[in-house]
2 protein chains.
Amino acid sequence: MKPGIPKGTRDFSSTEVARRNFIFNTIKHSFELFGFQPIETPSFENSSTLMGKYGEEGDRLIFKILNSGDYLTKVDDALLSEKDSNKVTTQISEKALRYDLTVPFARYVVQHQNEITFPFKRYQIQPVWRADKPQKGRFREFYQCDADVVGSTSLWQEVEFVQLYDSVFSKLNVQGTTIKINNRKILSGIAEVIGAKDKLIDFTVALDKLDKIGKDGVVAEMISKGISEEAIQKVQPLFEFTGSNNDKLNALADMLITSEEGTKGVEELRFVIENIQELELQTATLELDVTLARGLNYYTGAIFEVSAPKEVKIGSIGGGGRYDDLTGIFGLKDVSGVGISFGLDRIYLVMEELGLFEAVELPKPKVLFLNFEENESLVKMKAIAELRTNGIKSELYPDLASSNNQQKKQWKYVDKRGIDFVITDVDNGQFKFKDTKTREEKLLTIKEIIKIVQ
Amino acid sequence: MKPGIPKGTRDFSSTEVARRNFIFNTIKHSFELFGFQPIETPSFENSSTLMGKYGEEGDRLIFKILNSGDYLTKVDDALLSEKDSNKVTTQISEKALRYDLTVPFARYVVQHQNEITFPFKRYQIQPVWRADKPQKGRFREFYQCDADVVGSTSLWQEVEFVQLYDSVFSKLNVQGTTIKINNRKILSGIAEVIGAKDKLIDFTVALDKLDKIGKDGVVAEMISKGISEEAIQKVQPLFEFTGSNNDKLNALADMLITSEEGTKGVEELRFVIENIQELELQTATLELDVTLARGLNYYTGAIFEVSAPKEVKIGSIGGGGRYDDLTGIFGLKDVSGVGISFGLDRIYLVMEELGLFEAVELPKPKVLFLNFEENESLVKMKAIAELRTNGIKSELYPDLASSNNQQKKQWKYVDKRGIDFVITDVDNGQFKFKDTKTREEKLLTIKEIIKIVQ
């Protein structure tokens with residue numbers, strides 16, 4: 001009976017942990033450089049905090065924790081015999097694992113509103129759990145990396161989030177990302193102009209296929225969804241929607257001139273795009289994309305989505321937007337927020353595919369002292385202490401080799417862990433030092449070794 | 001209805017996160033310096049992995065996760081009507097939150113035995129969950145920080161763990177810790193000599209009170225527990241158990257001369273103690289303590305416990321020991337292990353009490369640009385980009401002040417977040433720069449500001 005782990009969960013080896021931490025630390029560093037502060041919330045919340053916040057499907061995917069002790073005694077017999085799992089759940093489970101970081105953050109802001117200085121720029125990097133069907137790249141336990149600002153309506157935040165994406169991906173050396181931006185108000189403006197709010201999703205889905213099926217194909221699909229030819233005529237510019245972001249902004253401004261909200265959206269987008277042009281990005285490209293319609297249920301202003309470099313075929317590696325009423329669900333009204341998220345698992349896959357992990361230092365000793373002679377161990381341990389004081393990872397192979405075979409085992413360990421430098425013997429206060437790459441051997445003092453290894 | 005969190009759990013503010021990360025990072029750094037590699041395991045395991053490993057009380061304290069979907073349909077009607085919570089749990093819950101890091105580690109080693117290079121020095125810093133009654137300093141979600149070596153019986157590991165404790169606490173500047181050491185084999189030897197294995201705990205508990213109730217008090221308690229006067233006579237030296245570690249070792253050697261196992265224990269302890277004398281500790285003291293009897297159920301060799309500096313009244317801040325058969329429960333026999341653990345929450349309290357957190361840099365901007373003039377914002381954002389490129393945390397106050405009151409609000413923000421340097425206006429390419437401590441104001445270029453702030 002080989003032991004295993006629940007489906008959709010993962011063990012991480014030390015190589016994987018080191019690579020993941022490289023990504024986490026890069027994100028953290030940029031978050032703090034941009035003035036964001038970390039918070040952490042508990043892994044499980046009261047069910048009342050989470051339930052009803054993610055729609056019916058979300059409620060179903062939340063992992064519920066069974067009450068402790070003799071939890072069944074309190075359950076109504078009649079209810080139990082009905083075997084209605086949903087109803088019984090509310091009686092035998094009061095806590096649930098968090099499903100995302102946004103709802104716990106909203107809860108945190110309301111609960112600690114008197115201790116918080118607004119505008120509150122917070123970041124949070126913690127795991128979340130979803131009872132989703134596991135499949136390639138989708139897990140039941142995964143990390144979210146979120147940065148949000150609450151209590152400010154300034155569009156400079158949107159500008160900063162574009163810079164923040166650029167900062168992180170540049171530092172990760174993931175070059176050629178595209179930060180797509182849209183604005184909910186532009187989508188509302190389009191809906192107004194085509195005269196059908198309920199057709200907005202159909203419209204954007206069809207429009208998104210322009211590259212693949214051409215203008216005629218898109219128009220045909222729109223008509224099949226019940227959008228009138230007259231309406232399509234009004235948003236004609238969207239079918240030749242190429243050129244620079246400025247060209248697009250101008251086309252949108254003309255097209256949405258009759259819609260107050262749409263015009264507002266164009267102004268907001270223009271502010272972000274023009275300021276980013278002035279401030280310049282390092283490796284990312286900002287692209288106005290009117291087909292971007294993620295999070296229409298909650299985003300009220302800017303909408304962001306980041307695409308991986310074109311050579312990697314993978315979905316979005318980040319996203320976010322502005323929401324006008326984050327904390328209202330917990331009774332604190334009129335707090336505007338805007339935030340973005342990084343998709344750790346996808347970023348990991350992108351970096352793996354692009355061979356960007358070679359620069360990540362693995363957690364292994366730089367210098368290994370072999371353990372062939374009992375009377376040399378203490379001298380070696382003293383040398384190791386000196387190396388460690390100088391910040392050099394080093395260790396003594398723990399068990400003394402008392403046979404040729406056991407010596408071989410130690411050399412195999414060197415090989416398997418990919419250790420760069422090995423000390424074999426001690427000779428009159430000097431150490432026999434071997435570079436495993438060049439296979440060169442020298443007799444050196446510990447000071448000389450420190451110099452070489454550093 | 002103010003929202004809250006489940007009892008026994010905690011929200012962490014950014015100051016708390018920064019302080020906790022300071023401790024985590026120090027521990028991690030030493031772990032890696034000593035050649036340990038990180039692994040991570042899922043937050044929840046199959047119940048079969050965890051149940052039955054921590055005794056009956058442990059089983060009760062494990063948080064169980066309710067199966068997803070319509071979990072009640074599969075439950076036997078008769079069983080349900082019995083309302084036996086324990087029996088029903090096995091039918092409606094297949095997963096549970098991890099209770100410690102040791103059992104998941106054992107599971108990991110067995111599951112990945114073909115990928116692992118032995119001896120395997122792993123560390124793991126992750127939260128665990130226990131449905132314990134919450135009380136001061138005891139939580140339902142808390143972190144464990146463990147380092148273990150499996151696949152080596154070398155006593156150099158014990159030596160290294162003493163050094164590792166000393167390394168971490170010295171770097172944290174927690175001076176004056178006492179690393180207590182004992183050996184299970186010595187306790188077995190004592191039990192042999194007093195002729196009563198089952199009285200060992202009573203014996204050590206009584207002996208531990210020597211300082212408080214004196215020799216006569218201790219003897220009286222022992223007799224009341226059923227230990228014979230003759231037996232007590234045989235371990236007489238333990239009542240004058242003062243002096244150096246070497247004195248104690250000699251006394252033990254004499255006392256346990258008739259016990260083979262006890263004599264082995266003395267030898268093992270002597271190895272660790274003498275080598276530590278040679279290698280020297282930075283700030284900790286190693287102390288042989290024969291009353292140390294933690295983990296008697298599983299430790300088979302060395303036993304460790306770390307006491308906080310004497311001026312702080314708190315229990316142990318770390319502990320560990322050697323166990324001969326960690327992975328046997330999952331079918332991999334004869335793998336010896338030894339490991340230690342750091343108690344994060346207690347270390348936090350100790351550092352707080354000793355005022356050691358002042359050195360921890362808080363996550364806040366070093367330079368804040370006030371936002372009083374709309375036409376200055378872009379110039380300020382360009383300056384901020386330059387500061388960030390130079391690694392200086394900085395930000396623009398997001399919202400433009402359009403009244404005196406709103407200006408005051410920005411100054412209040414500076415005050416509340418304790419920001420050191422503020423830029424007010426831009427004047428001909430220079431910035432009005434204010435040091436909030438000295439209240440000095442200067443007109444500086446961005447290059448000059450970078451120089452001052454760094």
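Let me start with one residue: Glu32(B) lies in helix 1 of chain B. This is a predicted model, so please take everything I say as coming from a prediction. The side chain of Glu32(B) makes a polar contact with the side chain of Tyr123(B), at 2.6 Å. If we skip the neighbours within four places in sequence, Glu32(B) touches Pro38(B) and Tyr123(B) in chain B, and Pro363(A) and Lys393(A) in chain A.

Staying on that helix, Arg20(B) is also found in helix 1, which covers residues 14–33 of chain B. Is Arg20(B) buried or exposed? Arg20(B) counts as buried, because its relative accessibility is 4% and the cut-off for buried is under 20%. What is Arg20(B) in contact with, again leaving aside neighbours within four places in sequence? The list is Arg10(B), Phe12(B), Tyr143(B), Leu344(B), Asp345(B) and Tyr348(B).

The size of an interface is often given as the accessible area lost when the parts come together. Here chains B and A bury about 8800 Å² between them, with 57% of that on carbon and sulfur atoms. Glu40(B), Lys83(B) and Arg388(B) supply 8% of the area that chain B buries against chain A, more than any other three residues.

How many salt bridges does the rule find across the interface of chain B and chain A? There are 12. One salt bridge joins the side chains of Glu395(B) and Lys121(A), with 3.2 Å from N to O. As for polar contacts, 50 residue pairs between chain B and chain A make one, with both residues at pLDDT 80 or more.

Last, chain A as a whole. Chain A contains 17 helices and 16 strands. Its radius of gyration is 29 Å, whereas a compact globule of 454 residues would be near 22 Å. The C-alpha trace of chain A spans about 95 × 65 × 45 Å along its principal axes. Of the 454 residues in chain A, 57% are buried. Taking contacts in chain A between residues at least 6 apart in sequence, 68% join residues at least 24 apart.

That is what I have for today.

Notes: Residues numbered from 1 in each chain as written. Chains lettered and ligands numbered in written order. Predicted model: local features only at pLDDT ≥ 70, side-chain atom pairs only at ≥ 80, totals over all residues. Heavy atoms only, no water. Buried area = accessible area lost by both parts, 1.4 Å probe. Salt bridge = Lys/Arg side-chain N within 4 Å of Asp/Glu carboxyl O. Polar contact = N/O pair within 3.5 Å; in protein donor to acceptor, adjacent residues only side chain to side chain. Helix = DSSP H or I, 4+ residues; strand = E, 2+ residues; numbered from the N terminus. Rg over C-alpha atoms; globule rule 2.2 N^0.38 Å. Buried < 20%, exposed > 50% of the residue type's maximum accessible area, 1.4 Å probe, protein only. Contact = heavy atoms within 4.5 Å.
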